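Keep the structure open beside you and look up each residue as you read.

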Amino acid sequence: EKSIIVFDASGSMWAQIDGKTRIEIARETISNVLGAFPSDRELGLIAYGHREKGSCKDIELVVAPAAGTGAAISEAVNKINPKGKTPMTAAVRMAAESLKYTERKASVILVSDGIETCGLDPCAIAEELEKLGVDLTVHTVGFGLADQGAVAQLKCLAENTGGTSSTAENASELEAALT
């Protein structure tokens, strides 16, 4: 099974939790979790909001899914500087397509700290991906969420594809959720 982590690099990732920015916490946590990730599992990374402010098209496949990519993903996440908007729904769709979800089992792990800001409906897109996919699962981790609307969107993305939805308020909760 191939998987892709979809990483939120929207501007709000600079917000702080206990005196540390969300982006710093996310970088450290992803490194820790990937250290224990089975190296034979194929894993990739998509980031959004990391290159331009105000763009809904700023979504990039940073590391293509392959075995043994843990170190490359950690390194990439460490270099990401949050800037932009939250096109999380389009990013999840891009992840599914990169995984050839209509042909084989695939899973997407979305780590996001906010609500969709690019006008797509996460619930509807999740339903569409579920219908077209062979066995697509979207797992969501909401990190430092203040907005109940964001919580609902992340839950919907996961539930409509048979995935798990968790929220994390700090580093240890984020690590537990990702693990």
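1. Start with C123 and C156, which form a disulfide with their sulfur atoms 2.1 Å apart. This pair links distant parts of the chain, with C123 in helix 4 and C156 in helix 5 (residues 148-159), 33 residues apart. Please keep in mind from here on that you are looking at a predicted model.

2. C156 comes out at 14%, and because buried means under 20%, C156 counts as buried. If the word disulfide is new to you, it is a covalent bond between the sulfur atoms of two cysteines.

3. How many disulfides does a search of the whole structure find? The search gives 2. Besides the pair in point 1, C56 and C118 form a disulfide, and their sulfur atoms are 2.1 Å apart. This pair, too, links distant parts of the chain: C56 sits in the loop between strand 4 (42-48) and strand 5 (59-67), while C118 sits in the loop between strand 6 (105-112) and helix 4 (122-132), 62 residues apart.

4. Two further details belong to the link of C56 and C118. The link is left-handed, with -90° about the S-S bond. C56 has a relative accessible area of 31%, so this residue is partly exposed. If you number the bonded cysteines of the protein in sequence order, the pairing reads 1-2, 3-4.

5. Next, find Q153, which lies in helix 5. Its relative accessibility is 16%, so Q153 counts as buried. Which residues does Q153 contact, leaving aside its neighbours within four places in sequence? They are M88, I115, E116 and P122. For a sense of distance, Q153 and V33 are 25 Å apart in space, C-alpha to C-alpha, and 120 residues apart in sequence.

6. Now go to E52, in the loop between strand 4 and strand 5. With a relative accessible area of 40%, E52 is partly exposed. Not counting residues up to four places away in sequence, E52 touches D58, K83 and G84. The C-alpha atoms of E52 and A124 are separated by 26 Å, and the two residues are 72 apart along the chain.

7. Step back to see the whole protein, which has 6 helices and 8 strands. Along the sequence they follow the pattern β-β-β-α-β-β-α-α-β-α-β-α-β-α. The radius of gyration is 15 Å, close to the 16 Å that the globule rule gives for 179 residues, so the protein is as compact as a globular protein of that length. Its C-alpha trace spans about 45 × 35 × 30 Å along the principal axes.

8. What share of the 179 residues counts as buried? The value is 49%. Consider also the contacts between residues at least 6 apart in sequence: 78% of them join residues at least 24 apart.

How values were computed. Residues numbered from 1 in each chain as written. Predicted model: local features only at pLDDT ≥ 70, side-chain atom pairs only at ≥ 80, totals over all residues. Heavy atoms only, no water. Disulfide = S-S within 2.5 Å. Helix = DSSP H or I, 4+ residues; strand = E, 2+ residues; numbered from the N terminus. Buried < 20%, exposed > 50% of the residue type's maximum accessible area, 1.4 Å probe, protein only. Rg over C-alpha atoms; globule rule 2.2 N^0.38 Å. Contact = heavy atoms within 4.5 Å.
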